[in-house]
Amino acid sequence: MLLPAPSDVLLTLVQGLKEGTLLLAFFSSLRRILVSFTLALTLGITGGLMLGRIFWLDRLLGSLIIALQSIPSVVWLPLALLWFGMGEGAIIFITSLGATWTMIINTGAGVKRIPPLIIKAAQTMGVSRLQLFTRVIVPASVPAILTGMRLAWAFAWRALMAGELLSSGTGLGQVLMMGRNLADMSQILAVMVIIGATGVAVDGFIFRRLEERVHRRWGLTG
Amino acid sequence: MALLRLQKVKKSFFGHKGEEIEVLTNIDLEVKQGEFVCLLGPSGCGKSTLLNIVAGLLSPDAGAVMVDGQPVGADRVGMVFQEGGLFPWLTVLDNVAFGLWVKGMGKKDARAKAREYLRRVHLEEFAFIYPHQLSGGMRQRVAIARTLAMDPPFLLMDEPFSALDTRTRRLLQQELLHIWQQTRKGILFVTHSIEEALLLADRVVVLSGRPARIKQEVTLPFPRPRDLRRPPFVFWEEELKSLFGEERDGQEYSQTFYDRALSQTAVLPAARPFVGRSV
Ligand SMILES: Nc1ncnc2c1ncn2[C@@H]1O[C@H](COP(=O)(O)OP(=O)(O)OP(=O)(O)O)[C@@H](O)[C@H]1O
Ligand SMILES: [Mg+2]
């Protein structure tokens with residue numbers, strides 16, 4: 001048998017949610033990704049703003065970051081396991097990592113795309129360096145930051161699942177591995193459904209909506 | 001005392017191959033309180049560069065720029081750009097209030113004042129929409145309102161109306177003149193259009209091609225609104241056109257220039273139409 005019947009999968013899904021095992025796994029993964037995503041946003045936006053504004057820093061690190069971004073995050077896992085041990089630390093590390101590079105690159109590109117005219121206009125109105133940053137550079141980069149967040153979310157979610165598959169704990173990835181060990185295909189598929197649905201739901205209900213709202217306000221869409 | 005005084009201002013840029021491109025040479029220029037000066041010159045000659053220097057966005061390589069007897073500072077000079085340069089993330093009202101916040105005014109006061117300036121450019125009912133929802137002419141009016149709200153004694157305008165259709169441009173020119181007559185600010189206004197210069201200016205300053213130097217200054221002490229079909233303007237339009245078109249020998253040129261100008265002036269009662277200065 002290659003695949004279980006859809007009804008079996010549905011049954012396992014409902015049961016798992018009712019009993020709480022799947023729900024528990026879901027919340028465990030959710031907690032991890034929220035921590036990692038917050039970390040990645042903080043580091044990534046800060047880094048991107050700096051890279052976008054500080055020319056020599058961009059020259060120094062720009063291409064390195066693009067190179068790092070092209071490494072799948074899960075490749076860092078062996079190293080992370082050595083650094084942090086078989087625990088939360090390693091998973092959060094690799095989940096944050098993939099999202100961070102993407103955030104830096106997108107934010108930085110957004111900052112560099114700010115029309116010079118906007119900056120000049122602000123300067124003729126007497127903004128201080130700090131005000132230029134907080135009241136012009138940051139808000140002007142918002143569309144790029146949002147696009148970065150969508151991508152970063154996708155990267156982080158993938159990295160998290162890969163990390164959980166390969167390490168211990170109670171997340172969705174680990175339940176997936178458990179299903180394999182028990183040869184329980186309907187459990188595996190039920191978890192896959194949750195993983196897919198979460199990815200789509202977060203993208204569609206949160207990021208896409210935010211992005212659309214900002215684009216409408218700025219007149220970036222038709 | 002002159003509100004704006006430029007003395008021997010020079011500016012060069014570096015080209016692709018590191019070669020020096022001289023853009024401004026020895027610019028001497030004064031604008032008095034309440035004076036409307038138009039700057040005419042061929043494309044690429046350095047008009048925007050000159051304005052950016054006065055605004056403090058660029059520093060000159062040599063020479064002095066004084067506004068109100070002090071070195072340039074953003075609190076004394078306001079600038080309106082060709083394409084507006086509004087902030088797309090702020091409403092029209094907040095765009096106008098922005099400069100006031102920056103200066104430390106409270107949110108509420110700033111918005112109240114911004115409203116007043118939006119009223120002056122007849123855009124009050126558009127206060128709560130975003131810049132992209134406005135037409136080009138309306139955006140330009142917002143840009144003007146935002147600069148006026150800061151109440152700088154000196155205004156720089158870099159081809160503010162050149163992207164607009166003729167009708168809108170006419171309307172905005174009238175509005176600007178009206179506001180200027182109320183506030184008596186000094187204005188330095190860059191334009192490509194001889195017609196626009198003749199309609200607006202107390203004095204027209206003509207720049208040469210790059211490197212820019214002041215080629216001619218023409219004073220136009222005529223009342224507004226002006227009818228450009230009337231003799232003095234027809235005459236000056238022709239003169240400025242020919243001045244634009246060709247580089248003639250300065251000495252010879254200025255002689256005929258003076259003669260023809262004087263013969264024209266005689267027809268006009270009590271009007272001394274120019275101070276010619278060939279550089
Ligand atoms: N940052 C810069 N680096 C190098 N060259 C520059 C720079 N800014 C302007 N230039 C050059 O200086 C010259 C004058 O430019 P400027 O924008 O002042 O011209 P302009 O008179 O305003 O032209 P236009 O009427 O087309 O607006 C141009 O030849 C331009 O290529
Ligand atoms: Mg220009």
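This is a predicted model: local features need pLDDT of at least 70, side-chain atom pairs count only at pLDDT 80 or more; totals for chains, interfaces and linings use all residues.
**Close-up 1. The contact between domain 1 and domain 2 of chain B.** Chain B is divided into domain 1, which covers 2-76 together with 158-276, and domain 2, which covers 79-151. The contact draws 18 residues from domain 1 of chain B and 15 residues from domain 2 of chain B. Together the two domains of chain B bury about 1,300 Å² between them, and 65% of this area is on carbon and sulfur atoms. Of the area that domain 1 of chain B buries against domain 2 of chain B, 32% is supplied by Glu175(B), Ile179(B) and Lys185(B), which is more than any other three residues give.

**Close-up 2. The side of domain 1 of chain B that touches domain 2 of chain B.** By residue class, the side of domain 1 of chain B that touches domain 2 of chain B divides into nine nonpolar, five polar and four charged residues.

**Close-up 3. A four-stranded antiparallel sheet in chain B.** The open sheet has four strands in the order 2-1-4-5, with antiparallel pairing. Its edge strands are strand 2 (20-32) and strand 5 of chain B, each of which pairs on one side only. Strand 1 (residues 2-14) of chain B is joined by five bridges to strand 4 (residues 62-67) of chain B, the two running antiparallel. Within this pairing, Arg5(B) has Met66(B) of strand 4 as its bridge partner.

Close-up 4. Strand 4 of chain B pairs with strand 5 (residues 70-71) of chain B in the antiparallel sense over two bridges. Met66(B) has Pro71(B) in strand 5 as its bridge partner, while Val67(B) stands opposite Gln70(B) of that strand. The hairpin has two residues between the strands, and Asp68(B) takes a positive phi near 60°.

**Close-up 5. The interface of chain A and chain B.** Here 19 residues of chain A are in contact with 21 residues of chain B, and the area buried between the chains is about 1,900 Å², of which carbon and sulfur atoms give 73%. Thr124(A), Met125(A) and Arg217(A) supply 36% of the area that chain A buries against chain B, more than any other three residues. The count of salt bridges between chain A and chain B is zero, although five residue pairs are in polar contact across the interface, with both residues at pLDDT 80 or more. On the side of chain A that touches chain B, the elements giving two or more residues are helix 6 (116-124), helix 7 (129-140) and helix 10 (185-218) of chain A; the largest share, seven residues, comes from helix 6 of chain A. The residues of this side of chain A divide into 10 nonpolar, five polar and four charged.

How values were computed: Residues are numbered from 1 along each chain as its sequence is written. Chains are lettered from A and ligands numbered from 1 in the order in which they are written. Side-chain values use heavy atoms; hydrogens and water are left out. Domain bounds come from an automatic or database domain assignment. Contact means heavy atoms within 4.5 Å. Buried area is the accessible area (1.4 Å probe) that two parts lose on being put together, summed over both. Ala, Val, Leu, Ile, Met, Phe, Trp, Tyr, Cys and Pro count as nonpolar, Asp, Glu, Lys and Arg as charged, and the others, Gly among them, as polar. Two strands pair if DSSP finds at least two bridges between them. A salt bridge is a side-chain nitrogen of Lys or Arg within 4 Å of a carboxyl oxygen of Asp or Glu. A polar contact is a pair of N or O atoms within 3.5 Å; within protein, one must be able to donate a hydrogen and the other to accept it, and residues adjacent in sequence count only if both atoms are side-chain atoms.
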